[in-house]
Amino acid sequence: MSAPKPSKAGITREDIRRLIEPFYKRVRADARLGPIFEGEIGVTDEEWAAHLDKIEAFWANVMLHERSYQGNPMQAHLAVPEIQGEDFAIWLDHFEKTARRVLPEEKADAFAFLSRRIGASLRMGIEQARGGVPRLRAWAR
């Protein structure tokens, strides 16, 4: 797959919203990721609302070049010791499957491409910060 440019895919805020909610439903139901997220965010929909808004702002920053996101994804992930490098492969699988289910192909391709780049960066940063050696070949597609 070639590297699609998000601006060329015609992605909108509504596309981001359509992706985020079902994606996090999958994450919350995942045997490995669900408990990690519940420990950090909570279990109720009300507790999750602020997180979903923040993630929507993150993707609007990435895909639409908006500047509404305030945060540092690397620091946020490093602050959760339960997150392991291999968890990103699970996250990416859920993210891409959800994108392909709820979005047209070109938009799903753009999200998949950028999510893999972001996931690789976060995984490498976490593994390096925790004294490990990143093994990107083990999970990169």
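**Figure 1. Surroundings of Ile126 in the predicted model.** Beyond its neighbours within four places in sequence, Ile126 is in contact with Met74, His77, Leu78, Ile83 and Phe88. The structure shown here and in the other views is a predicted model. Ile126 is found in helix α6. Its relative accessibility is 1%, so Ile126 counts as buried, the cut-off being under 20%. One of its contacts, Ile83, is 43 residues away in sequence, while the C-alpha atoms of Ile126 and Ile83 are 8.6 Å apart in space.

**Figure 2. Overall make-up of the chain.** The secondary structure comes to six helices and zero strands. Along the sequence the pattern reads α-α-α-α-α-α. The chain has 141 residues, and 43% of them are buried. Of the contacts between residues at least 6 apart in sequence, 71% join residues at least 24 apart.

**Figure 3. Packing of α5 against α6.** Two packed helices are described by the angle between their axes and the distance between the axes. For α5 and α6 the angle is about 170° and the axes are 9 Å apart. Angles over 145 degrees count as roughly antiparallel, and α5 and α6 are therefore roughly antiparallel to each other. On the α5 side the contact involves Phe88, Trp91, Leu92, Phe95, Glu96, Ala99 and Arg100. On the α6 side it involves Glu105, Ala108, Asp109, Phe111, Ala112, Ser115, Arg116, Gly119, Leu122, Arg123 and Ile126. By class, the contact of α5 with α6 has 10 nonpolar, two polar and six charged residues.

**Figure 4. Crossing of α3 and α6.** The axes of α3 and α6 come within 11 Å and cross at roughly 110°. Because angles of 65 to 115 degrees count as roughly perpendicular, α3 is roughly perpendicular to α6. From α3, the residues making the contact are Phe58, Trp59, Val62 and Met63. From α6, they are Ala110, Phe111, Leu114, Ser115 and Ile118. The contact of α3 with α6 divides into eight nonpolar, one polar and no charged residues. Phe111 and Ser115 of α6 also take part in the contact with α5.

**Figure 5. The largest pocket and its lining.** About 620 Å³ of space lies in the largest pocket. The elements giving two or more residues to its lining are α2 (33-40), α3 (45-64), α4 (73-78), α5 (87-102) and α6 (105-129). Helix α3 supplies the largest share of the lining, five residues. In total, 24 residues line the pocket, and Phe37, His51, Ile55, Ala76 and His77 lie nearest its centre. The classes in the lining are 17 nonpolar, four polar and three charged residues.

**Figure 6. His51 at the largest pocket.** His51 is one of the lining residues that lie nearest the centre of the largest pocket. His51 lies in helix α3. With a relative accessible area of 18%, His51 is under the 20% cut-off and so counts as buried. Leaving aside neighbours within four places in sequence, His51 is in contact with Tyr24, Phe37 and Ile41. Among these contacts, Phe37 is also listed with the residues nearest the pocket centre.

**Figure 7. Asp87 and its contacts.** Asp87 is placed in helix α5. At 4% relative accessibility, Asp87 counts as buried.

**Figure 8. Backbone at His65.** The phi of His65 is near 60°, a positive value in a residue other than glycine. Most residues other than glycine have a negative phi, and most peptide bonds are trans. His65 is found in the loop between α3 and α4. Its relative accessibility is 52%, and because exposed means over 50%, His65 counts as exposed.

**Figure 9. Glu14 and Glu56.** Glu14 has its place in helix α1 (residues 13-29). At 43% relative accessibility, Glu14 counts as partly exposed. Glu14 and Glu56 are 42 residues apart in sequence, and their C-alpha atoms are 9.8 Å apart in space.

Terms used: Residues numbered from 1 in each chain as written. Predicted model: local features only at pLDDT ≥ 70, side-chain atom pairs only at ≥ 80, totals over all residues. Heavy atoms only, no water. 1 Å grid on protein atoms, 1.4 Å probe; cavity = no way out; pocket = protein on both sides within 12 Å on 5 of 7 lines; lining within 4 Å. Points joined across faces, edges and corners; volume = space filled by probe spheres on them. Helix = DSSP H or I, 4+ residues; strand = E, 2+ residues; numbered from the N terminus. Nonpolar A, V, L, I, M, F, W, Y, C, P; charged D, E, K, R; others polar. Axes fitted to C-alpha atoms, helices over the stretch in contact; angles between N-to-C directions. Parallel < 35°, antiparallel > 145°, perpendicular 65-115°, else oblique. Contact = heavy atoms within 4.5 Å. Buried < 20%, exposed > 50% of the residue type's maximum accessible area, 1.4 Å probe, protein only.
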